[in-house]
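The sequence and structure are shown first.

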Amino acid sequence: MLKTTVTHFRKEMFKMLEHTITHNEPIQISTPNGNAVLVSEDDYNGMIETLYLHSVSKLKEQLYRDRLTSTQTFVPEDEVEW
């Protein structure tokens, strides 16, 4: 995670935003009143989706069980009939 002050962030905002979007690296921005973290929209959406999946107890249990399943039992994507 990159760390910067709000003053430096203000000066380099566009460059830092592009870096976060391109490299999916969060930026911690410190201010006199506390800190904030800037993340890309893709990372944010991924975190929200993960929180949602973990909030549905039966789905969470299924995800944990599936994690232990051998990948050899999976059907390759190009063989799935949609």
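## Strand pairing

Which residue in S2 does Lys3 stand opposite? The residue is Gln28. The model in which this pairing is found is predicted.

Strand S1 spans residues 2-5, and strand S2 spans residues 27-31. S1 and S2 run parallel and are joined by four bridges. On S2 there is also pairing with strand S3, residues 34-38. S2 and S3 run antiparallel, with five bridges between them. Ile27 has Leu38 in S3 as its bridge partner. Two residues lie between S2 and S3, and the two strands form a hairpin.

## Thr4 in S1

Thr4 lies in S1. Its relative accessibility is 8%, and because buried means under 20%, Thr4 counts as buried.

With neighbours within four places in sequence left aside, the contacts of Thr4 are Phe9, Met16, Ile27, Gln28, Ile29 and Ser30.

## Leu53 in H3

Leu53 belongs to helix H3, which covers residues 41-55. With a relative accessible area of 25%, Leu53 is partly exposed, since that class lies between the limits of 20% and 50%.

Beyond neighbours within four places in sequence, Leu53 is in contact with Leu59, Lys60 and Leu63. Phe14 is 39 residues from Leu53 in sequence, and the C-alpha to C-alpha separation of the pair is 33 Å.

Note on methods. Residues are numbered from 1 along each chain as its sequence is written. This is a predicted model: local features need pLDDT of at least 70, side-chain atom pairs count only at pLDDT 80 or more; totals for chains, interfaces and linings use all residues. Side-chain values use heavy atoms; hydrogens and water are left out. Buried means under 20% relative accessible area, exposed over 50%, partly exposed in between (1.4 Å probe, protein chains only). Contact means heavy atoms within 4.5 Å. Two strands pair if DSSP finds at least two bridges between them.
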